[in-house]
Amino acid sequence: MDGNYILYKFALASVILIISLVVAMYATLIERKVAGFFQDRLGPNRAGIYGIFQPLADGLKLFFKEEFMPGSADKFLYILGPSLTMMIALLTSAVIPWGDSLIFNGVEYSLQVADINVGVLYVFAILSIGVYGIMIGGWASNNKYALIGAVRAASQMISYELAMSMAIISIVMMSGTLSLSEIVNQQHGFNWNIWYQPLGFVLFIVCAFAECNRAPFDLPECETELIGGYHTEYSSMKLGFYLFAEYINMFISSAMIATLYFGGYNFPFMDDLGLSHNALTIIGFIVFFIKISFFGFVFMWVRWTLPRFRYDQLMRMGWKNLLPLALVNVVITGLIIMLKNHS
Amino acid sequence: MSTNQQPGLLTNRSKVVSDKKMTFMERIYFPAIIKGFGITFSHFFKKKATIQYPEVKRPIAQIYRGKHVLKRDDEGRERCTACGLCALACPAEAITMVAAERKPDEKHLYREEKYAAVYEINNLRCIFCGLCEEACPKEAIFLTSRIVSADYKRTDFISGKDVLVEPVDQRIDISSRQTPAVLNFKKDKNQSHNI
């Protein structure tokens with residue numbers, strides 16, 4: 001392992017970190033714009049052309065707001081909560097294959113920070129820690145609304161993780177690998193997993209909404225009942241971290257959906273274009289971001305279309321509908337694989 | 001009125017509530033969700049209802065009742081004689097005034113022998129009903145189509161004579177409110193207010 005390699009990995013990680021942050025920043029603006037358009041409004045358009053400086057203004061506002069900590073709060077955990085949430089939100093981006101590889105002077109540079117052979121497991125592990133950031137924040141606030149919100153978040157995320165894992169297990173069974181780059185490479189061209197796993201995709205996307213605490217599963221925040229839920233007592237940039245992490249999660253979830261079901265950086269007729277490897281990689285990177293943007297839009301579209309579920313409906317759907325369906329999907333996938341191998 | 005309307009109902013848009021069992025298609029949510037997506041997506045391209053306020057303004061009525069003006073006569077003298085009828089007529093008690101006697105060398109400033117030394121309207125109390133204008137026997141106070149602007153302090157909403165009296169060189173047009181019909185009505189001896 002030479003210095004060059006470390007430098008390149010470090011640069012790649014920094015670039016992806018910055019991209020994640022900038023995307024999340026502008027996702028707030030796009031969300032407000034989209035919300036406005038869905039409601040026959042225009043959305044923010046005063047700060048710069050099309051409101052392009054709105055996220056900067058919002059960020060600045062969050063920095064200048066009073067930093068308030070409740071007197072009865074646990075100081076260490078109170079700060080740990082949002083920090084953990086932010087860190088975990090950013091961690092997943094390490095294993096996502098953002099593109100194929102670039103070749104300079106005969107040296108291949110992969111556009112994936114860490115091509116670990118248990119990429120899918122890594123994503124699950126990080127997702128499972130995600131609940132701690134919210135739980136710790138809600139607990140440390142010493143506020144009953146925050147606590148209820150945190151408990152809701154915990155139960156919701158744990159419940160939907162099951163169905164989500166089951167949905168992905170079908171993919172893993174199909175592709176026979178846990179490495180994300182391998183899964184993407186198997187979906188070369190238009191051979192996307194969505195054609196083989198439509199049910200799995202629906203299950204996965206529903207669970208992804210629940211994992212991100214996005215509407216219609218935004219019960220942990222639930223302004224009407226819980227006045228903000230787990231981040232009721234948070235202000236200033238600590239609140240900003242929670243809100244920001246939500247958008248990063250959305251971005252990463254969209255990237256995961258695109259990676260697992262929509263071929264990642266693969267696009268139809270990529271072999272017929274006759275382009276060089278590097279050009280294909282760059283186009284693939286752009287295509288991947290178009291896919292991510294589309295799913296980001298779907299996240300917003302769903303938020304501004306569907307009302308929030310009731311808590312019992314949420315739990316019933318997670319345990320009684322999604323989990324059995326995911327199990328059935330696993331069984332069907334297994335049967336088809338067995339029949340294929342047999343013949 | 002349409003004929004197929006049920007008696008006792010104002011519109012025929014009300015629906016009868018039922019608690020029938022949902023069919024399978026209804027229970028799996030997805031058809032309804034897709035339909036909802038269609039509805040929201042169609043709104044995405046609809047004409048926006050937003051009016052870009054400071055640049056674009058909504059059309060207002062000809063006889064809009066906004067910020068008050070204290071008129072001067074043709075020679076530039078204040079018409080108000082501080083009779084107090086406007087303050088009396090005001091249902092919100094928004095008008096206060098202090099009367100003073102005109103000095104001989106002030107004949108070019110005030111039309112009548114008595115004038116309002118202080119004349120204040122509290123715009124937060126005012127309900128813009130226009131009764132002051134109706135009560136005024138000297139045609140001195142009028143409501144205009146100008147809008148009372150926002151401000152930071154409550155005291156800033158109390159307009160004195162510096163705001164209310166129209167400048168000599170920038171007369172404010174009130175012809176849309178002071179039509180001949182209005183003038184005739186005010187002077188009509190058959191009306192109870194003139195008996």
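In the predicted model, B:Ala82 lies in the loop that connects β1 (68–70) with α3 (85–89) of chain B. The phi angle of B:Ala82 is near 55 degrees, a positive value in a residue other than glycine. Most residues other than glycine have a negative phi. B:Ala82 counts as buried because 23 C-beta neighbours lie inside 10 Å, where 20 or more are required.

Chain B also holds an open sheet of 3 strands, arranged in the order β2-β3-β5 with antiparallel pairing. Because β2 (95–101) and β5 (158–159) of chain B each have a single partner strand, they stand at the edges of the sheet, and one side of each is left without a neighbour there. The antiparallel pair formed by β2(B) and β3 (residues 114–122) of chain B is joined by 7 bridges, and within this sheet B:Val98 has B:Val118 in β3(B) as its bridge partner.

In chain A, strand β1 (residues 101–104) runs antiparallel to strand β2 (residues 107–110), and 4 bridges join the two. β1(A) and β2(A) form a hairpin with 2 residues between them, and A:Asn105 in the turn has a positive phi of about 50 degrees.

The helical part of chain A can be described through the packing of helix α1. Helix α1 (residues 3–38) and helix α2 (residues 54–64) of chain A pack at an angle of about 110 degrees, and their axes are 9 Å apart. With that angle, α1(A) is roughly perpendicular to α2(A). The contact brings A:Met25, A:Tyr26, A:Thr28 and A:Leu29 of α1(A) together with A:Gln54, A:Pro55 and A:Asp58 of α2(A); by class, the contact of α1(A) with α2(A) has 4 nonpolar, 2 polar and 1 charged residues.

An angle of about 110 degrees also describes the packing of α1(A) against α9(A), whose axes are 8 Å apart, and α1(A) is accordingly roughly perpendicular to α9(A). On the side of α1(A) the contact is made by A:Ser20, A:Val23, A:Ala24, A:Ala27 and A:Thr28, and on the side of α9(A) by A:Phe244, A:Tyr247, A:Ile248, A:Met250 and A:Phe251. The residues of the contact of α1(A) with α9(A) divide into 8 nonpolar, 2 polar and no charged. A:Ser236 is likewise placed in helix α9 of chain A, and its phi is near 55 degrees, a positive value in a residue other than glycine. A:Ser236 is partly exposed, with 16 other C-beta atoms within 10 Å.

In the largest nonpolar core, which holds 82 residues, A:Ala163, A:Ala167, A:Phe204, A:Cys207, A:Phe251 and A:Ile257 touch the most other members. Helix α9 (residues 236–261) of chain A supplies the largest share of this core, 15 residues. When residues up to four places away in sequence are not counted, A:Ile257 touches A:Phe204, A:Ile205, A:Ala208, A:Phe262 and A:Phe295. Another core, of 20 residues, lies apart from the largest one and includes B:Cys80, B:Ala82, B:Tyr110 and B:Cys132.

Beyond these helices, A:Pro216 is found in the loop between α7 (198–211) and α8 (223–226) of chain A. A:Pro216 is partly exposed, with 18 other C-beta atoms within 10 Å. Leaving aside neighbours within four places in sequence, A:Pro216 is in contact with A:Val302, A:Leu306, A:Pro307, A:Arg308 and A:Phe309. By comparison, the C-alpha atoms of A:Pro216 and A:Val330, which are 114 residues apart along the chain, are separated by 26 Å.

The contact between the chains takes 9 residues from chain A and 10 residues from chain B. On the side of chain A that touches chain B, the residues divide into 6 nonpolar, 1 polar and 2 charged. One residue of chain B that touches chain A is B:Thr40, found in helix α2 (residues 30–44) of chain B. Residues up to four places away in sequence not being counted, B:Thr40 touches A:Phe38, A:Trp301, A:Trp304 and A:Thr305. B:Thr40 is partly exposed, with 19 other C-beta atoms within 10 Å.

Methods
Residues are numbered from 1 along each chain as its sequence is written. Chains are lettered from A and ligands numbered from 1 in the order in which they are written. This is a predicted model: local features need pLDDT of at least 70, side-chain atom pairs count only at pLDDT 80 or more; totals for chains, interfaces and linings use all residues. Two residues are in contact if their C-beta atoms, placed from the backbone, lie within 7 Å. Ala, Val, Leu, Ile, Met, Phe, Trp, Tyr, Cys and Pro count as nonpolar, Asp, Glu, Lys and Arg as charged, and the others, Gly among them, as polar. Two strands pair if DSSP finds at least two bridges between them. Axes are lines fitted to C-alpha atoms, for helices over the stretch in contact, and angles run from 0 to 180 degrees between N-to-C directions. Angles under 35 degrees count as roughly parallel, over 145 as roughly antiparallel, 65 to 115 as roughly perpendicular and the rest as oblique. A nonpolar core is a set of buried Ala, Val, Leu, Ile, Met, Phe, Trp, Tyr and Cys residues joined through C-beta atoms within 7 Å. A residue is buried if 20 or more other C-beta atoms lie within 10 Å of its own, exposed if 12 or fewer, and partly exposed in between; C-beta atoms are placed from the backbone.
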